[in-house]
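Reader: Please take one part of this model, the pocket lining, and go through it closely. I would like the cut-offs stated, and an account of the elements that tie into it.

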Amino acid sequence: MIELRQQLLDLLVQYAYQEGDFVLSSGQRSTYYINGKQVTLRAEGALLVGRLLWECLPQGTQGVAGLTLGADPIVTAVSVVSALENQPIPALIVRKEAKGHGTKAYIEGPSLEAGASVVVLEDVVTTGKSAMLAVERLRDAGYRVNQVMALVDREQGGREFYESVGLTFEVLFRIEDLQRRTQELRG
C-alpha cells in the first residue's frame, strides 16, 4: 500500500500539480493548481486511485458517488476494483443540474435501496462545497451519506466544513505532500 501511495503521489506531482497564477472553481486565487483528471484518466492513475480508495472504504459501503466531472473517473475506478475484489460496489455520478430530458435525473447509475450507505469521492477539495452538493443530492434521493474521501486536500477549509456538517473526511494526500515531493524532485 505504501508503494502504491508513492506511485500515485509521483503521478500527481508529474501530471496534475502546476504552479502559477490560477483562479479556482471556488473563485479564490491560487499560486498552484491541481488537475486531478490528468492522473485519474490515465490507466495507471485510475488503477492506483481505485486500489487505494477501495482499501479505505468503510465496511458496509454500498455505493460510491461523486459530482461530475472530476469524480467520474474516480468512482468508476473504485467500482471496477471492487469487482476485481469480488465485492462489487456500484458507481453513481451526480449531476450539478438535473438532466434536461428523459427522467430529468440528478443521479446516474444503478438505483440502490433506500438508506443505502454511499461514500462521496472527490479529486481535490478546497472549500468542500462541490462534494457537498453531491452529498445533498444523494441524501435527497434517500441514501445515507456520512463520509467524503478525496485524493488531495488543499487545506483551505474543506475538512473543517465537512466536520461542521457531521461528515467524516478522509484524504490520501495533503497539499504539503505534493509540494514537498515537487521540491524533492527538483533537487
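**The pocket lining and its surroundings**

Author: The lining of the largest pocket is made up of 10 nonpolar, 10 polar and six charged residues (nonpolar: Ala, Val, Leu, Ile, Met, Phe, Trp, Tyr, Cys and Pro; charged: Asp, Glu, Lys and Arg; polar: the others, Gly among them). The model is predicted, so local features need pLDDT of at least 70 and side-chain atom pairs count only at pLDDT 80 or more, while totals for chains, interfaces and linings use all residues. Residues are numbered from 1 along each chain as its sequence is written, and side-chain values use heavy atoms, without hydrogens and water.

In all, 26 residues line the largest pocket (an open set of points on a 1 Å grid over the protein atoms alone, where a 1.4 Å probe fits, with protein on both sides within 12 Å along at least five of seven lines; lining residues have an atom within 4 Å of a point). Its volume is about 550 Å³ (the space filled by probe spheres set on the points, which are joined across faces, edges and corners). Nearest the centre of the largest pocket are Ser25, Glu122, Asp123, Val124 and Ser130.

Three elements, β2 (29-34), β6 (117-125) and α5 (129-140), each give at least two residues to this lining (DSSP runs numbered from the N terminus: helices are H or I of at least four residues, strands E of at least two). The largest share, four residues, is that of β6.

β2 is one of the elements against which the buried residues of α7 pack; the others are α1 (2-16), β1 (17-23), β7 (144-153) and β8 (168-174) (contact: heavy atoms within 4.5 Å). Those residues of α7 are Ile175, Asp177, Leu178, Arg181 and Thr182 (buried: under 20% relative accessible area, 1.4 Å probe, protein chains only). They lie on the same side of α7, because they cover an arc of only 160° around the axis (taken from the directions from the helix axis to the C-beta atoms). Just after α7, Gly187 has a positive phi of about 70°.

β6, in turn, is among the elements that cover the buried residues of α3, along with α1, α2 (37-40), α4 (72-84), β7 and β8. The residues concerned are Gly45, Ala46, Leu48, Val49, Gly50, Leu52, Leu53 and Trp54.

Trp54 also lines the second largest pocket, together with Leu57, Pro58, Gln59, Gly60, Thr61, Gln87, Pro88 and Ile89. That pocket holds about 180 Å³, and its lining has five nonpolar, four polar and no charged residues.

Terms used: Buried < 20%, exposed > 50% of the residue type's maximum accessible area, 1.4 Å probe, protein only.
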